[in-house]
Each structure stands twice: as structure tokens, then as C-alpha cells.
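I opened this notebook to record what I looked up, first for a single residue and then for an interface.

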Amino acid sequence: MDQNYTFMFYGFTAAWLVVIIYVISIALRERKLRAELDRVKRMVEGK
Amino acid sequence: MLSGAILAWNLHTMFLRVPDELNQGAIFRIIYFHVPSAITSFTGFFFAMFASVAYLASKNLRFDAIAASINEVSLAFATITLITGSLWGRIAWGIWWTWDARLTSYFVCWLLYVGYLMLRRAIDDPTTRARLCAVLSIFACADIVIVWKSIEWFRTQHPGPVLSIRNGGGMAPGMEAPIWWNLLALLLLSTVLIMLRMRQDAIGREIDSLRRYANAF
């Protein structure tokens with residue numbers, strides 16, 4: 001019975017972890033893209 | 001916000017209102033993430049297939065961006081389905097995995113969409129990438145039908161239909177309702193994630209056009 005609850009906990013944790021890791025990866029990608037956009041904009045303005 | 005509120009409320013319902021299942025005990029609650037994640041991924045893959053068909057018909061790269069965003073988000077939910085299913089199987093069957101028709105066809109589906117994302121990274125030319133990925137997205141979607149019907153077409157270790165919308169489904173209404181609420185919450189969450197991914201794609205296109213403009217001088 002203990003194992004039953006433990007694996008239920010693992011299941012819920014795994015589900016949330018996948019969502020959280022994916023959201024973090026999206027946020028990091030967004031930050032990288034915005035930095036790149038600023039850099040390219042500065043490069044265009046400098047020309 | 002709404003998605004988060006529904007998920008939080010459902011956690012309360014799942015743990016405090018729904019009793020343990022007679023044969024499986026507490027582990028049956030994994031179904032409240034396993035099934036909604038699977039249906040969310042199927043829904044996404046289907047919408048991506050329509051976007052891919054729209055791309056092939058119109059050659060508008062915006063449809064390719066929509067399909068890519070949907071497929072990436074849906075793959076995350078497909079991953080949740082595989083992991084939670086494996087954890088449930090470890091307790092219910094005593095094994096992590098078995099090569100039965102439902103599990104194998106879903107794993108093949110997961111591999112196809114991993115392949116889709118790898119293909120996107122491997123091709124630099126936007127139009128070639130969009131064309132090949134659209135074809136793969138349409139082809140991969142055929143597997144969804146096999147996954148969905150596999151528990152009716154084949155004898156599988158995977159449980160038969162449990163939802164009331166399918167023949168043979170038989171859950172108590174009080175136990176089934178949190179599945180639908182969680183599905184709504186995950187569909188809302190996936191919509192938000194898809195919109196974020198599409199915004200990133202738009203930023204990427206803006207960077208590309210600015211680079212082309214800068215290189216023209």
C-alpha cells in the first residue's frame with residue numbers, strides 16, 4: 001500500500017516536472033531570442 | 001490563471017473527495033493526469049495536421065509555424081502520458097513496460113514527433129523544412145487513430161475504454177468528472193504554451209528579416 005502511494009506521488013511529480021521544465025525552457029529561449037533581437041536591431045541602427 | 005485554478009481545485013477533489021479505487025487503491029489517481037495528457041496531445045497533433053495541410057495548400061509559412069508550435073507542446077504532454085502510464089503499470093502490472101499494441105503504437109507516435117522536431121533542426125531552408133515537416137506531421141497523425149482504436153482492435157494489456165464517451169466505458173460519474181476538468185485545464189495550458197511558442201517564432205522571423213536587411217547593405 002505504501003508503494004501504491006509512493007508511485008502515485010512519483011506520477012504526479014513527474015507530470016508537473018515535465019510541465020515546469022518545458023515552461024522554463026520556453027522562458028530561457030524567449031530571453032535568448034529577445035537578447036538576439038536587441039543585438040540585431042542595434043547592428044541595423046548602426047549601419 | 002484559469003488553468004492553474006482548475007488544476008489546484010482538481011487536486012483537492014482528487015485527494016479529498018474521490019475515494020481509492022477498489023482494486024487498484026490510490027495509484028488509480030494517475031489516470032487524472034494520464035488520460036487528459038493523452039487526449040491533449042492527440043488534440044494538438046490533430047490541429048497540427050490541419051495546419052500542415054493548410055501549409056501544403058497555401059505555402060504560407062505561418063501555418064508551418066503553427067504546426068511546429070502545436071507539435072512541440074503536444075509532445076510534452078505525450079511525454080507526461082508515457083511516464084505516468086509507466087509508473088501506473090509498475091504497480092498495477094508489476095512491470096514498467098510491455099510491448100502491447102496500445103503502448104507500442106503510442107511510443108511510435110512519440111518517436112515520430114521527436115523525429116519531427118529533429119527534422120526541423122536538421123534543415124536550414126525554411127520552405128524545404130516546412131514542406132517535409134508538413135508531410136511528416138500528416139503521416140504521423142495517422143498513428144493517432146491506431147493508438148486510439150488499438151484497445152478495441154487488439155487484445156492488449158492496457159485497460160479497455162474507461163470513459164463514458166466510449167463503448168464499454170464504466171467509471172462512476174463522481175470519479176470520471178475530474179478527468180474532464182483536468183482535460184479542460186491542460187487544454188487551456190497547452191493553448192497558452194502554443195501562443196508563447198508562436199510569439200517566439202514571430203521574433204525569430206523578425207530577427208531573420210533584420211539580418212537580411214543588414215546584409216543587404
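Predicted model: local features only at pLDDT ≥ 70, side-chain atom pairs only at ≥ 80, totals over all residues.

I call a residue buried when its relative accessible area is under 20%, exposed when over 50% and partly exposed in between (1.4 Å probe, protein chains only). Residues are numbered from 1 along each chain as its sequence is written, chains are lettered from A and ligands numbered from 1 in the order in which they are written, and side-chain values use heavy atoms, with hydrogens and water left out.

Entry one: S105(B).
I looked up its accessibility and found S105(B) buried, because its relative accessibility is 8%. Beyond its neighbours within four places in sequence, S105(B) is in contact (heavy atoms within 4.5 Å) with D143(B), I146(B), V147(B) and S150(B).

Entry two: chains A and B.
I then turned to the interface, where 28 residues of chain A are in contact with 37 residues of chain B. The two chains bury about 3100 Å² between them, 76% of it on carbon and sulfur atoms; buried area is the accessible area (1.4 Å probe) that two parts lose on being put together, summed over both. On the chain A side, F7(A), F12(A) and Y22(A) lose the most area to chain B, together 20% of what that side buries.

I also searched for salt bridges (a side-chain nitrogen of Lys or Arg within 4 Å of a carboxyl oxygen of Asp or Glu), and the rule finds four across this interface. E36(A) forms a salt bridge with R211(B), with the closest N and O atoms 2.1 Å apart.
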